[in-house]
Amino acid sequence: MDERTGDATGHTPDDAPGGATDGGPGEGARTCLVTGASGYIGGRLVPELLAAGYRVRCLARTPGKLRDHPWADRVDIVRGDVTDAEAMARAMDGVDVAYYLVHALGSGRDFEDTDRRAARTFGEQARRAGVRRIVYLGGLTPADVPEERLSPHLRSRAEVGRVLLDSGVPTAVLRAAVIIGSGSASFEMLRYLTERLPVMVTPRWVHTRIQPIAVRDVLRVLVGCAGLPSDVNRAFDIGGPEVMTYRQMMVRYAAVAGLPRRVILPIPVLTPGLSSHWVGLVTPVPASIARPLTESLRHEVVCRNQDIERYVPNPPGHPIGFDRAVALALRRVREAQVSTHWSSASLPGAPSDPLPTDPDWAGGSLYTDVREREAPVRPDALWRVIEGIGGENGWYSFPLAWAVRGWLDRLVGGVGLRRGRRDARRLRVGDSLDFWRVEEIERGRLLRLRAEMRLPGLAWLEMRVDDGPGGVRYRQRALFHPHGLLGHLYWWGVSPFHAVVFGGMARNIVRAASRTQERPAPATTP
(Lines give C-alpha, C1' and ligand atoms only; values in the text may rest on other atoms or scores of the structure.)
Protein backbone atom coordinates (compact mmCIF):
# COMPACT_ATOMS: atom_id res chain seq x y z
CA MET A 1 0.00 0.00 0.00
CA ASP A 2 1.18 3.53 -0.76
CA GLU A 3 1.15 6.34 1.75
CA ARG A 4 -1.20 9.20 1.10
CA THR A 5 -0.12 11.70 1.08
CA GLY A 6 6.44 19.31 11.10
CA ASP A 7 9.27 20.81 11.92
CA ALA A 8 11.45 20.04 14.93
CA THR A 9 13.35 23.31 14.84
CA GLY A 10 11.12 25.10 17.30
CA HIS A 11 8.95 27.04 14.87
CA THR A 12 5.78 26.25 12.98
CA PRO A 13 6.27 25.36 9.32
CA ASP A 14 4.73 27.79 6.85
CA ASP A 15 2.34 25.19 5.50
CA ALA A 16 1.55 23.36 8.73
CA PRO A 17 -1.04 24.35 11.34
CA GLY A 18 -0.08 27.16 13.63
CA GLY A 19 -0.78 27.70 17.27
CA ALA A 20 0.14 24.34 18.78
CA THR A 21 2.81 24.12 21.41
CA ASP A 22 5.06 21.15 21.66
CA GLY A 23 4.78 20.16 25.27
CA GLY A 24 4.92 16.44 24.54
CA PRO A 25 2.31 13.87 25.61
CA GLY A 26 1.19 14.20 29.19
CA GLU A 27 0.19 11.52 31.67
CA GLY A 28 -2.91 9.74 30.41
CA ALA A 29 -2.58 11.18 26.90
CA ARG A 30 -4.51 9.35 24.23
CA THR A 31 -2.62 7.24 21.69
CA CYS A 32 -3.00 7.79 17.95
CA LEU A 33 -2.00 5.26 15.30
CA VAL A 34 -0.83 6.83 12.03
CA THR A 35 -0.60 4.67 8.93
CA GLY A 36 1.28 6.11 5.98
CA ALA A 37 3.70 8.04 8.20
CA SER A 38 6.36 8.02 5.48
CA GLY A 39 3.93 9.61 3.04
CA TYR A 40 3.11 13.22 2.31
CA ILE A 41 0.23 13.77 4.76
CA GLY A 42 1.20 11.20 7.38
CA GLY A 43 4.72 12.57 7.72
CA ARG A 44 3.29 16.01 8.51
CA LEU A 45 0.47 14.79 10.72
CA VAL A 46 2.75 12.99 13.20
CA PRO A 47 4.50 16.13 14.57
CA GLU A 48 1.17 17.96 14.75
CA LEU A 49 -0.34 15.19 16.88
CA LEU A 50 2.72 15.23 19.13
CA ALA A 51 2.45 19.00 19.44
CA ALA A 52 -1.21 18.62 20.42
CA GLY A 53 -0.23 16.31 23.28
CA TYR A 54 -1.03 12.88 21.82
CA ARG A 55 1.11 9.80 22.00
CA VAL A 56 1.81 8.54 18.48
CA ARG A 57 2.42 5.09 17.06
CA CYS A 58 3.34 4.61 13.40
CA LEU A 59 2.71 1.56 11.26
CA ALA A 60 5.38 1.13 8.59
CA ARG A 61 6.31 -1.67 6.21
CA THR A 62 9.91 -0.44 6.41
CA PRO A 63 10.54 1.25 9.79
CA GLY A 64 13.98 2.36 8.63
CA LYS A 65 12.32 4.91 6.35
CA LEU A 66 11.16 6.82 9.43
CA ARG A 67 14.38 6.81 11.42
CA ASP A 68 15.74 10.12 10.04
CA HIS A 69 12.55 12.10 10.62
CA PRO A 70 13.06 14.65 13.39
CA TRP A 71 10.21 13.12 15.41
CA ALA A 72 11.31 9.46 15.05
CA ASP A 73 12.64 9.11 18.61
CA ARG A 74 9.34 10.37 20.04
CA VAL A 75 7.03 7.79 18.48
CA ASP A 76 6.47 4.04 18.73
CA ILE A 77 7.01 2.29 15.38
CA VAL A 78 5.40 -1.05 14.52
CA ARG A 79 6.46 -3.00 11.44
CA GLY A 80 3.60 -4.17 9.27
CA ASP A 81 1.13 -3.52 6.48
CA VAL A 82 -2.56 -2.65 6.63
CA THR A 83 -3.41 -5.86 4.76
CA ASP A 84 -1.76 -7.98 7.49
CA ALA A 85 -4.30 -8.74 10.23
CA GLU A 86 -1.68 -9.93 12.70
CA ALA A 87 0.43 -6.78 12.27
CA MET A 88 -2.67 -4.60 12.55
CA ALA A 89 -3.68 -6.32 15.79
CA ARG A 90 -0.26 -5.49 17.29
CA ALA A 91 -0.43 -1.93 16.02
CA MET A 92 -3.97 -1.33 17.33
CA ASP A 93 -3.28 -2.55 20.87
CA GLY A 94 -3.97 0.31 23.29
CA VAL A 95 -4.81 2.80 20.51
CA ASP A 96 -7.58 5.38 20.95
CA VAL A 97 -7.60 7.03 17.51
CA ALA A 98 -6.50 5.34 14.26
CA TYR A 99 -5.67 7.35 11.13
CA TYR A 100 -6.08 5.61 7.77
CA LEU A 101 -3.83 7.48 5.32
CA VAL A 102 -2.89 4.79 2.79
CA HIS A 103 -4.23 3.69 -0.55
CA ALA A 104 -3.24 1.46 -3.43
CA LEU A 105 -2.69 4.28 -5.94
CA GLY A 106 -1.65 2.79 -9.25
CA SER A 107 -0.96 -0.66 -7.80
CA GLY A 108 -2.12 -2.64 -10.84
CA ARG A 109 -5.49 -3.94 -11.94
CA ASP A 110 -6.33 -5.35 -8.53
CA PHE A 111 -5.84 -2.12 -6.60
CA GLU A 112 -9.58 -1.83 -5.80
CA ASP A 113 -9.54 -5.31 -4.23
CA THR A 114 -6.38 -4.38 -2.32
CA ASP A 115 -8.00 -1.17 -1.04
CA ARG A 116 -11.16 -3.03 -0.01
CA ARG A 117 -9.27 -5.82 1.76
CA ALA A 118 -7.00 -3.37 3.58
CA ALA A 119 -9.90 -1.21 4.78
CA ARG A 120 -11.80 -4.25 6.07
CA THR A 121 -8.74 -5.54 7.92
CA PHE A 122 -8.10 -2.11 9.41
CA GLY A 123 -11.73 -1.69 10.54
CA GLU A 124 -12.02 -5.21 11.96
CA GLN A 125 -8.82 -4.96 13.97
CA ALA A 126 -9.75 -1.48 15.22
CA ARG A 127 -13.10 -2.80 16.47
CA ARG A 128 -11.52 -5.81 18.18
CA ALA A 129 -8.92 -3.61 19.87
CA GLY A 130 -11.56 -1.21 21.21
CA VAL A 131 -10.32 1.78 19.19
CA ARG A 132 -12.61 4.75 19.85
CA ARG A 133 -12.26 6.61 16.55
CA ILE A 134 -11.09 6.07 12.96
CA VAL A 135 -10.15 9.07 10.80
CA TYR A 136 -9.80 8.58 7.05
CA LEU A 137 -8.64 11.11 4.46
CA GLY A 138 -10.20 10.29 1.10
CA GLY A 139 -11.10 12.10 -2.10
CA LEU A 140 -13.94 14.53 -2.72
CA THR A 141 -16.45 12.93 -5.08
CA PRO A 142 -18.71 14.92 -7.42
CA ALA A 143 -22.39 15.38 -6.69
CA ASP A 144 -25.02 13.78 -8.94
CA VAL A 145 -22.51 11.54 -10.75
CA PRO A 146 -23.29 7.80 -10.56
CA GLU A 147 -20.48 5.92 -8.88
CA GLU A 148 -19.94 3.70 -11.93
CA ARG A 149 -18.99 6.83 -13.91
CA LEU A 150 -16.29 7.86 -11.44
CA SER A 151 -12.66 7.10 -12.10
CA PRO A 152 -11.54 3.76 -10.58
CA HIS A 153 -9.44 5.58 -8.00
CA LEU A 154 -12.19 7.94 -6.84
CA ARG A 155 -14.62 5.02 -6.78
CA SER A 156 -12.20 3.04 -4.62
CA ARG A 157 -11.71 5.97 -2.23
CA ALA A 158 -15.48 6.21 -1.79
CA GLU A 159 -15.75 2.46 -1.15
CA VAL A 160 -12.98 2.58 1.47
CA GLY A 161 -14.90 5.31 3.26
CA ARG A 162 -18.05 3.17 3.34
CA VAL A 163 -16.14 0.12 4.58
CA LEU A 164 -14.68 2.10 7.48
CA LEU A 165 -18.04 3.72 8.32
CA ASP A 166 -19.55 0.22 8.53
CA SER A 167 -16.70 -1.14 10.69
CA GLY A 168 -18.47 -0.66 14.01
CA VAL A 169 -15.93 1.98 15.09
CA PRO A 170 -17.03 5.66 14.99
CA THR A 171 -15.39 6.99 11.82
CA ALA A 172 -14.82 10.42 10.32
CA VAL A 173 -14.33 10.30 6.55
CA LEU A 174 -12.73 13.53 5.35
CA ARG A 175 -13.10 14.17 1.62
CA ALA A 176 -10.70 16.66 0.03
CA ALA A 177 -10.06 17.71 -3.57
CA VAL A 178 -6.78 19.37 -4.58
CA ILE A 179 -4.40 19.86 -1.63
CA ILE A 180 -2.15 22.92 -1.91
CA GLY A 181 1.11 22.57 -0.01
CA SER A 182 4.83 22.39 -0.68
CA GLY A 183 5.67 18.96 -2.02
CA SER A 184 2.15 17.66 -2.65
CA ALA A 185 1.62 15.92 -5.99
CA SER A 186 -1.28 18.25 -6.83
CA PHE A 187 0.78 21.34 -6.06
CA GLU A 188 3.84 20.08 -7.98
CA MET A 189 1.66 19.34 -10.99
CA LEU A 190 0.16 22.85 -10.87
CA ARG A 191 3.56 24.47 -10.28
CA TYR A 192 5.43 22.80 -13.11
CA LEU A 193 2.63 23.12 -15.64
CA THR A 194 2.38 26.84 -14.94
CA GLU A 195 6.08 27.63 -14.65
CA ARG A 196 7.29 25.62 -17.64
CA LEU A 197 4.57 26.45 -20.17
CA PRO A 198 3.92 30.17 -20.82
CA VAL A 199 1.64 29.00 -23.65
CA MET A 200 -0.09 25.69 -23.13
CA VAL A 201 -2.57 23.48 -24.94
CA THR A 202 -4.62 21.88 -22.20
CA PRO A 203 -7.32 19.21 -21.72
CA ARG A 204 -10.98 20.04 -21.16
CA TRP A 205 -10.67 19.52 -17.43
CA VAL A 206 -9.00 22.93 -17.01
CA HIS A 207 -12.58 24.30 -16.99
CA THR A 208 -13.71 21.96 -14.20
CA ARG A 209 -14.71 23.69 -10.97
CA ILE A 210 -12.60 22.68 -7.96
CA GLN A 211 -12.47 23.62 -4.29
CA PRO A 212 -8.78 23.39 -3.30
CA ILE A 213 -7.66 23.32 0.31
CA ALA A 214 -4.38 24.30 1.99
CA VAL A 215 -2.44 21.44 3.55
CA ARG A 216 -2.32 23.47 6.76
CA ASP A 217 -6.12 23.25 6.98
CA VAL A 218 -6.12 19.54 6.15
CA LEU A 219 -3.73 18.85 9.03
CA ARG A 220 -5.67 21.08 11.41
CA VAL A 221 -8.91 19.20 10.71
CA LEU A 222 -7.21 15.80 10.93
CA VAL A 223 -5.88 16.63 14.39
CA GLY A 224 -9.26 18.07 15.45
CA CYS A 225 -11.10 14.90 14.42
CA ALA A 226 -9.30 12.97 17.16
CA GLY A 227 -11.61 14.71 19.63
CA LEU A 228 -14.94 14.19 17.85
CA PRO A 229 -17.87 12.96 19.97
CA SER A 230 -18.39 9.19 19.90
CA ASP A 231 -21.76 9.46 18.14
CA VAL A 232 -20.24 11.07 15.03
CA ASN A 233 -19.96 8.46 12.28
CA ARG A 234 -20.15 10.17 8.91
CA ALA A 235 -18.38 11.81 5.99
CA PHE A 236 -17.34 15.47 5.90
CA ASP A 237 -16.33 17.48 2.84
CA ILE A 238 -13.38 19.77 3.51
CA GLY A 239 -12.24 22.59 1.27
CA GLY A 240 -10.86 26.09 1.17
CA PRO A 241 -12.93 29.29 0.94
CA GLU A 242 -12.86 29.52 -2.89
CA VAL A 243 -14.25 27.56 -5.80
CA MET A 244 -12.38 28.00 -9.09
CA THR A 245 -11.48 26.23 -12.30
CA TYR A 246 -8.09 24.63 -12.84
CA ARG A 247 -7.44 27.32 -15.45
CA GLN A 248 -8.06 30.00 -12.83
CA MET A 249 -5.72 28.17 -10.46
CA MET A 250 -2.94 28.30 -13.07
CA VAL A 251 -3.54 32.00 -13.79
CA ARG A 252 -3.53 32.88 -10.09
CA TYR A 253 -0.49 30.72 -9.40
CA ALA A 254 1.38 32.64 -12.09
CA ALA A 255 0.37 35.94 -10.48
CA VAL A 256 1.48 34.85 -7.00
CA ALA A 257 4.77 33.48 -8.38
CA GLY A 258 5.45 36.70 -10.28
CA LEU A 259 5.25 35.06 -13.72
CA PRO A 260 3.87 36.68 -16.88
CA ARG A 261 0.23 35.88 -17.60
CA ARG A 262 -0.13 32.41 -19.11
CA VAL A 263 -1.91 31.71 -22.41
CA ILE A 264 -4.11 28.63 -21.97
CA LEU A 265 -5.76 26.96 -24.95
CA PRO A 266 -8.00 24.03 -23.97
CA ILE A 267 -8.71 21.33 -26.56
CA PRO A 268 -11.29 18.53 -26.28
CA VAL A 269 -9.27 15.62 -27.66
CA LEU A 270 -6.97 14.90 -24.71
CA THR A 271 -8.33 11.85 -22.89
CA PRO A 272 -7.36 11.20 -19.23
CA GLY A 273 -4.75 8.73 -20.46
CA LEU A 274 -3.22 11.23 -22.88
CA SER A 275 -3.51 13.95 -20.25
CA SER A 276 -1.54 11.88 -17.75
CA HIS A 277 1.28 11.37 -20.28
CA TRP A 278 1.21 15.10 -21.09
CA VAL A 279 1.50 15.90 -17.37
CA GLY A 280 4.25 13.28 -17.01
CA LEU A 281 6.17 14.88 -19.87
CA VAL A 282 6.06 18.42 -18.47
CA THR A 283 6.18 17.81 -14.70
CA PRO A 284 8.12 15.52 -12.31
CA VAL A 285 4.88 13.65 -11.54
CA PRO A 286 5.00 10.31 -13.43
CA ALA A 287 2.04 9.22 -15.53
CA SER A 288 1.13 6.48 -13.01
CA ILE A 289 0.49 9.17 -10.39
CA ALA A 290 -0.76 11.85 -12.81
CA ARG A 291 -3.52 9.66 -14.22
CA PRO A 292 -5.64 9.39 -11.03
CA LEU A 293 -5.05 13.11 -10.41
CA THR A 294 -6.27 14.10 -13.86
CA GLU A 295 -9.13 11.59 -13.81
CA SER A 296 -10.40 13.15 -10.59
CA LEU A 297 -10.59 16.53 -12.38
CA ARG A 298 -13.04 15.34 -15.03
CA HIS A 299 -15.98 16.07 -12.72
CA GLU A 300 -16.75 19.07 -10.56
CA VAL A 301 -15.40 18.55 -7.04
CA VAL A 302 -16.99 21.13 -4.76
CA CYS A 303 -17.94 20.66 -1.11
CA ARG A 304 -21.59 19.78 -0.56
CA ASN A 305 -21.28 20.27 3.18
CA GLN A 306 -18.76 22.02 5.37
CA ASP A 307 -20.32 21.37 8.74
CA ILE A 308 -17.05 19.96 10.03
CA GLU A 309 -16.76 23.51 11.40
CA ARG A 310 -19.37 22.57 14.03
CA TYR A 311 -16.88 20.13 15.53
CA VAL A 312 -13.53 21.65 14.49
CA PRO A 313 -14.06 25.44 14.48
CA ASN A 314 -11.98 27.58 12.14
CA PRO A 315 -9.48 29.81 13.96
CA PRO A 316 -8.96 33.39 12.71
CA GLY A 317 -7.50 33.41 9.21
CA HIS A 318 -8.78 29.93 8.33
CA PRO A 319 -9.57 28.32 6.02
CA ILE A 320 -6.64 29.74 4.10
CA GLY A 321 -7.34 31.26 0.69
CA PHE A 322 -5.75 29.93 -2.50
CA ASP A 323 -3.30 32.79 -3.06
CA ARG A 324 -1.92 32.63 0.49
CA ALA A 325 -1.67 28.83 0.35
CA VAL A 326 0.38 29.08 -2.85
CA ALA A 327 2.58 31.83 -1.38
CA LEU A 328 3.27 29.77 1.75
CA ALA A 329 4.07 26.67 -0.29
CA LEU A 330 6.40 28.59 -2.63
CA ARG A 331 8.24 30.06 0.33
CA ARG A 332 8.86 26.58 1.70
CA VAL A 333 10.12 25.41 -1.70
CA ARG A 334 12.43 28.39 -2.15
CA GLU A 335 13.82 28.07 1.36
CA ALA A 336 14.35 24.30 0.86
CA GLN A 337 12.16 23.58 3.90
CA VAL A 338 9.85 20.96 2.39
CA SER A 339 9.31 18.52 5.26
CA THR A 340 7.56 15.81 3.20
CA HIS A 341 7.17 15.28 -0.52
CA TRP A 342 4.71 13.35 -2.69
CA SER A 343 7.56 11.07 -3.80
CA SER A 344 8.37 10.16 -0.18
CA ALA A 345 5.88 7.32 -0.55
CA SER A 346 7.07 4.22 -2.37
CA LEU A 347 5.98 4.06 -5.98
CA PRO A 348 3.87 1.11 -7.08
CA GLY A 349 6.00 -1.50 -8.78
CA ALA A 350 9.27 0.01 -7.59
CA PRO A 351 11.89 -2.55 -6.54
CA SER A 352 12.14 -3.02 -2.80
CA ASP A 353 14.42 -6.04 -2.54
CA PRO A 354 17.33 -5.83 -0.10
CA LEU A 355 20.85 -5.25 -1.35
CA PRO A 356 22.15 -8.55 -2.77
CA THR A 357 24.95 -8.66 -0.19
CA ASP A 358 22.42 -8.68 2.65
CA PRO A 359 21.94 -12.04 4.43
CA ASP A 360 18.29 -12.34 3.39
CA TRP A 361 19.13 -12.15 -0.35
CA ALA A 362 19.67 -15.53 -1.94
CA GLY A 363 21.42 -16.54 -5.12
CA GLY A 364 21.54 -15.17 -8.63
CA SER A 365 24.06 -13.30 -10.76
CA LEU A 366 25.44 -10.01 -9.56
CA TYR A 367 27.39 -7.52 -11.66
CA THR A 368 29.46 -4.82 -9.99
CA ASP A 369 31.40 -1.77 -11.09
CA VAL A 370 33.81 -0.52 -8.41
CA ARG A 371 35.72 2.77 -8.56
CA GLU A 372 38.14 4.03 -5.89
CA ARG A 373 40.15 7.24 -5.69
CA GLU A 374 42.41 8.87 -3.14
CA ALA A 375 40.80 12.09 -1.96
CA PRO A 376 43.21 14.74 -0.62
CA VAL A 377 40.39 16.38 1.34
CA ARG A 378 38.80 16.27 4.78
CA PRO A 379 36.15 13.55 5.23
CA ASP A 380 33.44 16.15 5.87
CA ALA A 381 34.17 17.91 2.56
CA LEU A 382 33.86 14.65 0.62
CA TRP A 383 30.69 13.71 2.45
CA ARG A 384 29.16 17.11 1.74
CA VAL A 385 29.44 16.43 -2.01
CA ILE A 386 28.14 12.88 -1.69
CA GLU A 387 25.08 13.88 0.33
CA GLY A 388 24.39 16.79 -2.04
CA ILE A 389 24.37 14.67 -5.19
CA GLY A 390 21.46 14.68 -7.64
CA GLY A 391 18.72 17.22 -8.20
CA GLU A 392 20.11 20.60 -9.22
CA ASN A 393 23.67 19.43 -8.50
CA GLY A 394 23.49 16.61 -11.02
CA TRP A 395 25.53 13.40 -11.05
CA TYR A 396 29.04 14.70 -11.76
CA SER A 397 29.56 12.97 -15.10
CA PHE A 398 28.34 13.04 -18.70
CA PRO A 399 25.13 15.06 -18.10
CA LEU A 400 23.76 14.16 -21.53
CA ALA A 401 23.92 10.43 -20.73
CA TRP A 402 22.03 10.93 -17.46
CA ALA A 403 19.45 13.13 -19.20
CA VAL A 404 18.91 10.60 -21.99
CA ARG A 405 18.53 7.78 -19.44
CA GLY A 406 15.96 9.88 -17.62
CA TRP A 407 13.97 10.58 -20.79
CA LEU A 408 14.03 6.93 -21.81
CA ASP A 409 12.71 6.01 -18.38
CA ARG A 410 9.86 8.50 -18.74
CA LEU A 411 8.97 7.14 -22.17
CA VAL A 412 8.40 3.65 -20.73
CA GLY A 413 6.37 4.94 -17.79
CA GLY A 414 9.17 5.36 -15.24
CA VAL A 415 9.86 8.28 -12.92
CA GLY A 416 12.77 9.80 -14.86
CA LEU A 417 15.25 12.24 -13.40
CA ARG A 418 12.91 15.10 -12.56
CA ARG A 419 11.76 14.14 -9.08
CA GLY A 420 14.84 15.97 -7.81
CA ARG A 421 15.42 16.17 -4.05
CA ARG A 422 13.23 16.96 -1.07
CA ASP A 423 16.05 18.99 0.52
CA ALA A 424 18.97 20.59 -1.32
CA ARG A 425 21.64 19.51 1.18
CA ARG A 426 20.39 16.80 3.51
CA LEU A 427 19.07 13.30 2.77
CA ARG A 428 17.26 10.78 4.90
CA VAL A 429 16.34 7.13 4.43
CA GLY A 430 13.34 6.81 2.13
CA ASP A 431 13.92 10.08 0.26
CA SER A 432 13.50 9.99 -3.50
CA LEU A 433 16.53 11.25 -5.41
CA ASP A 434 15.78 11.63 -9.12
CA PHE A 435 15.26 8.01 -10.24
CA TRP A 436 16.88 6.59 -7.09
CA ARG A 437 15.67 6.19 -3.51
CA VAL A 438 17.84 6.43 -0.41
CA GLU A 439 18.03 2.92 1.01
CA GLU A 440 20.72 3.50 3.63
CA ILE A 441 22.65 6.45 4.95
CA GLU A 442 25.37 6.44 7.57
CA ARG A 443 26.03 10.11 8.08
CA GLY A 444 29.58 11.01 7.06
CA ARG A 445 30.36 7.52 5.77
CA LEU A 446 27.90 5.75 3.45
CA LEU A 447 25.11 6.60 1.01
CA ARG A 448 23.32 3.70 -0.67
CA LEU A 449 20.73 4.34 -3.38
CA ARG A 450 18.28 1.85 -4.86
CA ALA A 451 17.22 2.37 -8.49
CA GLU A 452 13.55 3.05 -9.25
CA MET A 453 13.97 3.50 -13.00
CA ARG A 454 12.56 0.81 -15.29
CA LEU A 455 15.22 -1.90 -15.55
CA PRO A 456 15.39 -5.62 -16.41
CA GLY A 457 16.76 -6.24 -12.93
CA LEU A 458 17.60 -4.57 -9.64
CA ALA A 459 20.28 -1.90 -9.23
CA TRP A 460 22.02 -0.05 -6.43
CA LEU A 461 24.64 2.69 -6.23
CA GLU A 462 26.88 3.09 -3.18
CA MET A 463 29.15 6.02 -2.33
CA ARG A 464 31.43 5.67 0.65
CA VAL A 465 34.03 7.72 2.56
CA ASP A 466 36.78 5.32 3.64
CA ASP A 467 40.16 5.59 5.29
CA GLY A 468 42.99 5.17 2.80
CA PRO A 469 46.75 4.68 3.20
CA GLY A 470 47.33 8.36 2.54
CA GLY A 471 44.22 9.71 4.24
CA VAL A 472 40.68 9.77 2.84
CA ARG A 473 39.58 7.42 0.08
CA TYR A 474 36.41 7.65 -2.03
CA ARG A 475 34.83 4.29 -2.90
CA GLN A 476 31.95 3.94 -5.35
CA ARG A 477 30.15 0.73 -6.20
CA ALA A 478 27.35 0.08 -8.71
CA LEU A 479 25.54 -3.26 -8.42
CA PHE A 480 23.11 -4.93 -10.81
CA HIS A 481 21.13 -8.12 -10.31
CA PRO A 482 19.75 -9.07 -13.76
CA HIS A 483 16.35 -10.61 -14.36
CA GLY A 484 16.61 -13.18 -17.14
CA LEU A 485 18.53 -12.96 -20.40
CA LEU A 486 17.32 -9.40 -21.03
CA GLY A 487 18.95 -8.31 -17.79
CA HIS A 488 22.29 -9.79 -18.77
CA LEU A 489 22.07 -8.22 -22.24
CA TYR A 490 21.27 -4.85 -20.65
CA TRP A 491 24.40 -4.93 -18.46
CA TRP A 492 26.64 -6.05 -21.31
CA GLY A 493 25.16 -3.33 -23.51
CA VAL A 494 25.78 -0.45 -21.09
CA SER A 495 29.04 -1.63 -19.50
CA PRO A 496 31.25 -0.06 -22.24
CA PHE A 497 29.98 3.35 -21.09
CA HIS A 498 30.76 2.78 -17.40
CA ALA A 499 34.29 4.12 -17.67
CA VAL A 500 32.89 7.45 -18.84
CA VAL A 501 29.83 7.56 -16.58
CA PHE A 502 31.01 5.95 -13.34
CA GLY A 503 34.71 6.68 -13.80
CA GLY A 504 34.00 10.33 -14.53
CA MET A 505 31.61 10.45 -11.61
CA ALA A 506 34.28 9.28 -9.15
CA ARG A 507 36.87 11.74 -10.49
CA ASN A 508 34.50 14.70 -10.45
CA ILE A 509 33.14 13.99 -6.97
CA VAL A 510 36.68 14.09 -5.57
CA ARG A 511 37.40 17.30 -7.51
CA ALA A 512 34.17 18.88 -6.27
CA ALA A 513 35.11 17.92 -2.70
CA SER A 514 38.44 19.73 -3.12
CA ARG A 515 36.60 22.88 -4.19
CA THR A 516 34.02 22.45 -1.43
CA GLN A 517 36.75 22.15 1.21
CA GLU A 518 37.79 25.69 0.43
CA ARG A 519 34.32 26.97 1.44
CA PRO A 520 32.73 26.77 4.93
CA ALA A 521 30.02 24.14 5.34
CA PRO A 522 26.49 25.60 5.10
CA ALA A 523 24.25 25.39 8.13
CA THR A 524 21.78 22.50 8.01
CA THR A 525 18.49 22.01 9.73
CA PRO A 526 18.52 18.88 11.89
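Trainee: In what order do the seven strands of the open sheet stand?

Mentor: Remember that this is a predicted model. The order is E4-E3-E2-E5-E7-E8-E13, with parallel pairing.

Trainee: Which strands stand at the edges?

Mentor: Strand E4 (76–79) and strand E13 (234–237). Each has a single partner strand, so one side of each lacks a neighbour in the sheet. From one strand to the next, the twist averages 20°.

Trainee: How many bridges join strand E8 to E13?

Mentor: Four, and the two strands run parallel. E8 covers residues 171–176. For one of the bridge partners, take arginine 175: it pairs with aspartate 237 in E13.

Trainee: Which strands does helix H1 touch?

Mentor: H1 (residues 40–51) packs on the sheet and touches E2 (31–35), E3 (55–60), E5 (97–100) and E7 (133–139). Its direction makes about 170° with that of E2. Helix H6 (residues 215–224) lies across E5, E7 and E8, at about 155° to E7.

Trainee: What describes two packed helices?

Mentor: The angle between their axes, and the distance between the axes. H1 and H6 pack at about 55°, with axes 10 Å apart. They are therefore oblique to each other. The crossing of H1 past H6 is right-handed.

Trainee: Which residues make the contact?

Mentor: H1 gives Tyr40, Ile41, Arg44, Leu45, Glu48 and Leu49. H6 gives Val215, Val218, Leu219, Leu222 and Val223.

Trainee: How many residues of the H1 contact with H6 are nonpolar, polar or charged?

Mentor: Nine are nonpolar, none polar and two charged.

Notes:
Residues are numbered from 1 along each chain as its sequence is written. This is a predicted model: local features need pLDDT of at least 70, side-chain atom pairs count only at pLDDT 80 or more; totals for chains, interfaces and linings use all residues. Side-chain values use heavy atoms; hydrogens and water are left out. Two strands pair if DSSP finds at least two bridges between them. Axes are lines fitted to C-alpha atoms, for helices over the stretch in contact, and angles run from 0 to 180 degrees between N-to-C directions. Contact means heavy atoms within 4.5 Å. Angles under 35 degrees count as roughly parallel, over 145 as roughly antiparallel, 65 to 115 as roughly perpendicular and the rest as oblique. A crossing is left-handed if the near helix is turned anticlockwise from the far one by less than a right angle, and right-handed if clockwise. Ala, Val, Leu, Ile, Met, Phe, Trp, Tyr, Cys and Pro count as nonpolar, Asp, Glu, Lys and Arg as charged, and the others, Gly among them, as polar.
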